[in-house]
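The sequence and structure are shown below.

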Amino acid sequence: MLLHPILRMSTIALSTITLIDATKVPQCALYDNCGKTSVFGSELPCVIPKDDLSFQPEPPTQELRDFVADVCGEEWKDVDSLCCTMDQMKSLKENLKKAHPLISSCPACMKNFDSLFCHFTCSPQQSEFVNVTKTTKSKTDKTVVDELSVFMNSSWASEFYESCKNVKFSATNGYAMDLIGGGAKNYSQFLKFLGDKKPLLGGSPFQINYLYDIPPSSGKEDEFDYFNESVYACNDEEYRCACSDCELSCPELKPLKQGTHTVANIPVFSFVVLIFYIVVGVLLIPVYLHTLREKQRILKITELESDDSINTSSNLEIQQQQSDEDEDHEEEADVPDNSSYSLNIYMSRVLTQVGKISVNNPKIILSITIIIISFFSILFGLFGELERNPINLWVSKNSVKYKEKQYFDEHFGPFYRTEQVFVVNETGPVLSYETMDWWFKTEQEITESLQSSENVTYQDLCFRPTEDSTCVIESMTQYFQGQLPDEDSWEREIRSCARSPVNCLPTFQQPLKEELLFSDPNPLEANAFVVTFLLSNHSDSAELWEHQLEKYLLNLDIPEGLRISFSTEISLEKELNDNNDVFVVCASYLVMFLYASWALKRKLGGTRILLGFTGILIVISSAVCAAGLLSFLGIKSTLIIAEVIPFLILAIGIDNIFLITHEYDRLRDRMPDIPINEIIIKTISRISPSIILSFLCQAGCFSIAALVSMPAVRNFALYSAVALLFNVILQLTAYISVLTLYENYFFQDEYKRVTDGDDGMQDNEGAFKKSYEKVLKKKTYILCFFVIWTAASLFFIPYIEFGLDQTMAIPQTSYLVDYFHDIYDYLKVGPPVYFVIKNLNLKERENQRKICGKFTTCDQYSVANILEKERSRSTIVEPVANWFDDFMTFLNPQLDQCCRFKKGTTDVCPPFASPRSCETCYKQGEWDITMQGFPEGDQFMKFFDMWIDTPSDPCPLGGKAPYSTAVSYSETGIISSTFRTAHKPLTSQKDFIDAYNDAIRISESFEGLEVFAYSPFYIFFVQYRTLLSLTLTLVFSALALIAFVSGILLGSLKTALLVSVIVSMVMIDIGSIMVWANIPLNAVSLVNLVICVGLAVEFCIHIVRAYTVVPKGIDTDRDSRVLYAMSTVGESVLKGITLTKFIGVCVLAFAQSKIFEVFYFRMWFSLIIVASIHALLFTPVLLSFIGGDYSIDKMLEDSSN
């Protein structure tokens, strides 16, 4: 497909000349052809001895002059003598034709290229810079050149290279320099590639050495001159190159907005927070000093006025307490002592009636419960389905990116399936001859012998550029077309192939760049090589073969010192669904069950295992009912839902069981003579409003999250909210029924025998009360500590990173862990990106100018020009494969091997038909780089149909191989097309996110065009485009909902706002912990943040309600209500909420999957610690300072008062 014959030009044209001076006597070093040295070789020029002053070239005929002027330029038209013949010029023209399709878009490069070869071939002063150093005999026994030196001006050579180095060859998504210069990185490598002797590869049949200095010791300073002909820069006014080939010709784009603003390397938000803290600190210092002086003054006055018999410290304490009490009573003067909140009374009455039904008819309730659970279980069995496709987890089917993926697959075919293998030596170079021998055999077995259960092989499934092409295998074995090289030469050959891939084309005729195959530019120093197999078949047969490949590679016998890592197209989904952490999650449930059974025990004896077991059954039943209902409604479950929802519901549900049971025990202890059923009803009346308040806050948070379009988040939120609903219903019915039966059966007379004179419960509450009396004495210091903690945490919020490394989502024992690490460490190419343009009528010239790049009248801000310019400032680095430019260049009549008709007709001429029977589609002068004469209307599609079916050999611009899947078209026009490029190597989640954002930004910059960017990985990074705003929206919405619900059900807006403040502080602290614990923000952590809001409410809401709704007889100042709340509900919060979750979460530390360790263990463990400290210390202190109003619970009078 690509051109080895290009190299033959070095035979005919490779050297130097100063200027064509007609006054000088012609001095030829080479003249005419003197035969071949082998049957398959090319004609070699005759050598003219330096001392042969008698030689004079034949005077050029007018035909020769015209021919030279046509090939080399009008400046040759008046040259009187030439060191070339017509045969040499014909050969030169044929070889220049090979290069012109590659560089014709850059007139400066092509002019310099032609100038060099024309002067080498025909300059009459040829011998002034060409020195023949070695000769040989042809088959006709004539002296021919075997090696020569060319003296080249280094500035000319450098400018020549600079004019050509960025010329793109769209068909290979690469550079023309890869083909005409072997991927040269400087002018010396470029000219060396052209001069190296490569007769069997279609290159130079003799060695040409370019010299840029004439050594003084050689004595040839006066004998030779440097070649220094006119040379043109790529932005030369006369020979200006296209933007895609010359950055200096590109338009200036609008400056990019800074993505992250910093001040002194600190995020702006953190910097502002820091300055605010400094300002507040400076202002508070004098206030603190003034307050300190006032206290000292008051202390002295108090000491003088106090009685000698009264301790000074006691007086101060009494005065402070009196002052606090006066303040409390002043603030509470507006609230009548017997006030009550009607909504609280109404809710208590309704729930009490529900509780009475369960208490009075426990067996009927349990029977109905079993029937309902069985019904939903059947629904789950019939309709339950687990969503396993990662794409369907993270992107809504209604989202723009999902539809764009569907559009791409429908119009250009699904992206090929990729099977990739890394062979790694971590201690040194990976390549040795033994390794080569082993891998050549292994690869041959994979591609030819490995069969699936259907007897299908790689050859049946592989990707082929054309129907008659061989399979694409991106492997270093393809440098040798699958044949192991000789042991004596393999190092030299593989180094040469990596340096100049065009010299080692595989059978599918696409050059393989070294960065695609090796981890180092020098393959002999590389620690790894990469092999990629591509499948174009997307049927079940492909999956079966991939299963077989996976099995083969897992059991492959690997040489000592090496290791492999690999991935198949099925690997990620398979490993995600093979998570081994189910046992860890079950163990967590078991531990929480055992703890609950122990912690629910009576103070008077009895473990209550049955109640603990009932609690676990209710949690499982809640999850099953939710799954059954939502599955019936068509909402699929996910692996995370299946593993986490029961844990979440258990963590929340067990709290309510503790609250109910502890409240029952407390009332039973205080009223031992009242029947058990009545005590349970009073318990429901007292605690059920608190449970409903907690439920509404938590379910509200999850319901808000259910509004998110991301399926993983939405489905999780729906399952959580519905499971919580079933959980509360079952707790207030089924659990109450079980508690009624259990207590009546086992402990009917227990209290009468044991509780006489026993003050155990009162002692326990007294201990709690005394502890918090001490806490309240230090409340100022505690308040300051929490405020400073939150303030410090706020500073670190902007440092939260984004992303979800794939290694986190899979078990740490998975073979994919090494593969993902090797991608980051050893893969030196980035993923492809396709800019898809649709609904653009390319039969009109105006629209053609919007996408082209290689022609002088293309729009300044065309698609090609913008993409070229973006390569210097974005993650997009590869040249753009522009099918339109190649299509139009294909029509260039100077490329007489491309678009051809049979003479006298409009029938397509076959690719290798004789030039005598064909003629170019366009006549000379009909096609111009200004786009004059380019086809429009129906002619456009006529030529397009011809181009898209043209192979790449002998015309490399043929569209069949490189573009057959890049353009979607019909008989009447182009429907849509892709412009392919690639990102830089992406080695972190930040790189992937930046690459995605770059692609979106660029696609939105094309004004007046329907453009979208597509790459296979984009679908997984859609979330990060709006993740930050989505997170803030969900959290703030949840906080607002908590304040709203709490305000209504508590009857105190001030207290409700305090609940939101406490939860906000917890979330800010969790945010800072995410930074220190390396927990990135992604869809999983977003779900967890929503959970954190719900659980944070759970920790504090029961205390707040007990503080707000108090029985008659309780002192109503803030401190007294705080002490009452903590002595009654505090123990349940500590034992039932904090310790239950703490014990259950600790088990998750043993999970094999990093996603459980990082996003569940680390995050939930942090939440439990932070939320419990805030609930048990900060909440009572804050309520003591600025707590809101209270109301009297008329449904229950505290018997102790």
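## Second largest cavity

Among the contributing elements, α32 gives the most to the lining of the second largest cavity, namely three residues. Helices (H or I, at least four residues) and strands (E, at least two) are DSSP runs numbered from the N terminus. The model is predicted: local features need pLDDT of at least 70 and side-chain atom pairs pLDDT 80 or more, while totals for chains, interfaces and linings use all residues. Residues are numbered from 1 along each chain as its sequence is written, and side-chain values use heavy atoms, without hydrogens and water.

Twelve residues line this cavity, and P101, K854, D886, T889 and L957 lie nearest its centre. Two or more lining residues come from each of α3 (86-103), β5 (168-169) and α32 (883-890). Because domain 1 (30-249) and domain 4 (830-1020) both give residues to the lining, the cavity lies between them; the domain bounds come from an automatic or database assignment. Its volume is about 60 Å³.

The lining comprises four nonpolar, four polar and four charged residues (nonpolar: Ala, Val, Leu, Ile, Met, Phe, Trp, Tyr, Cys and Pro; charged: Asp, Glu, Lys and Arg; polar: the others, Gly among them).

## Largest cavity

The structure holds ten cavities of 30 Å³ or more, and the largest has a volume of about 80 Å³. A cavity is a set of points on a 1 Å grid over the protein atoms alone where a 1.4 Å probe fits but cannot get out; lining residues have an atom within 4 Å of a point. Points are joined across faces, edges and corners, and a volume is the space filled by probe spheres set on them.

α22 (639-670), α23 (676-705), α38 (1083-1108) and α39 (1118-1128) each supply at least two lining residues of the largest cavity. Its lining includes E663, R686, H1102 and Y1124, and divides into four nonpolar, three polar and four charged residues.

Key
1 Å grid on protein atoms, 1.4 Å probe; cavity = no way out; pocket = protein on both sides within 12 Å on 5 of 7 lines; lining within 4 Å.
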